[in-house]
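New notebook page. I want to get my bearings in a structure I have not looked at before.

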Amino acid sequence: MKTRVLPIVLIVLLLVITGVVYYRYYFVFGEGVKAGTMNYFVKKGNIFKTYEGRLIQTGIRSQTQGNIQSNEFMFSVTDEKVADKLNHSAGALLDLHYKEYKHTLPWRGVSVFVVDSVMSATPVTPTAP
């Protein structure tokens with residue numbers, strides 16, 4: 001009897017641990033699109049080199065007068081093709097599709113927001129004063 005219980009308990013425990021790890025690190029909590037101009041985009045890291053960027057969002061308004069609302073969107077990129085497109089789109093008005101995770105992983109970047117595609121990149125023409 002005891003020899004049957006131990007394998008069943010171990011299998012259940014393994015399934016629970018697998019489910020918790022999946023939920024914390026791989027479950028897509030949310031996804032959406034952010035628009036704005038890229039502030040910076042770099043490849044950095046000590047062991048895992050990841051792409052990190054910051055987007056200055058357009059159209060951010062505070063709900064109540066006198067409050068300050070952040071207009072920067074910090075993100076990570078895992079796909080080399082998306083990173084290459086972002087490297088060549090500096091200064092353009094970008095629409096970025098992202099996925100939001102519960103927690104970060106070292107090889108996925110330092111942000112819970114991971115950009116997986118560039119929906120549009122419109123060059124901005126400077127206006128003369």
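Below are my entries, going from the overall fold to the rings.

**Entry 1: the fold.** I noted at the outset that this is a predicted model. I looked up how the strands are arranged and found a closed barrel of five strands, in the order 1-2-3-5-4, with mixed pairing. From one strand to the next, the twist averages 50°. Helix 2 packs on the sheet and touches strand 1, strand 2, strand 3, strand 4 and strand 5. I also checked its angle: the helix direction makes about 45° with that of strand 5.

**Entry 2: the partners of strand 4.** I followed strand 4 to both of its neighbours. With strand 5 it pairs in the antiparallel sense over eight bridges. I picked out two positions there: Glu100 stands opposite Phe113, and Tyr98 stands opposite Val115. Strand 1 and strand 4 are antiparallel too, over nine bridges. On that side I found Val28 with Tyr101 of strand 4 as its bridge partner.

**Entry 3: the core.** Which residues touch the most other members of the largest nonpolar core? I got Phe41, Phe75, Val77, Leu86, Leu94, Leu96 and Val115, out of 16 residues in that core. Strand 1 (28-44), strand 2 (50-57), strand 3 (72-77), helix 2 (80-87), strand 4 (93-101) and strand 5 (113-122) each supply at least two of its residues. I then zoomed in on Leu96. Leaving aside residues up to four places away in sequence, its contacts include Val33, Leu55, Phe75, Leu86 and Val115. Gly32, Lys34 and Ser117 are also among the residues Leu96 touches.

**Entry 4: the rings.** How many aromatic pairs does the structure hold? I counted eight. One of them is Phe73 with Tyr98, a tilted pair at 5.2 Å centre to centre and 55° between the planes. The pair links distant parts of the chain, since Phe73 sits in strand 3 and Tyr98 in strand 4, 25 residues apart. Stepping back, I saw ring pairs link Phe41, Tyr51, Phe73, Phe75, Tyr98 and Phe113 into a cluster.

**Entry 5: an arginine over rings.** Last, I looked at Arg108. It lies over the face of Tyr101, 3.8 Å from the ring centre. Arg108 also lies over the face of Tyr26, this time at 6.0 Å from the ring centre. Tyr101 was already on my page as the bridge partner of Val28.

Terms used. Residues are numbered from 1 along each chain as its sequence is written. This is a predicted model: local features need pLDDT of at least 70, side-chain atom pairs count only at pLDDT 80 or more; totals for chains, interfaces and linings use all residues. Side-chain values use heavy atoms; hydrogens and water are left out. A nonpolar core is a set of buried Ala, Val, Leu, Ile, Met, Phe, Trp, Tyr and Cys residues joined through side-chain atoms within 4.5 Å. Buried means under 20% relative accessible area, exposed over 50%, partly exposed in between (1.4 Å probe, protein chains only). Helices (H or I, at least four residues) and strands (E, at least two) are DSSP runs, numbered from the N terminus. Contact means heavy atoms within 4.5 Å. Two strands pair if DSSP finds at least two bridges between them. Axes are lines fitted to C-alpha atoms, for helices over the stretch in contact, and angles run from 0 to 180 degrees between N-to-C directions. Rings of Phe, Tyr and Trp (its six-membered ring) pair if their centres lie within 6.5 Å; planes under 30 degrees apart count as stacked, over 60 as edge-to-face and the rest as tilted. A charge sits over a ring if NZ of Lys or CZ of Arg is within 6 Å of the ring centre and within 35 degrees of the ring normal.
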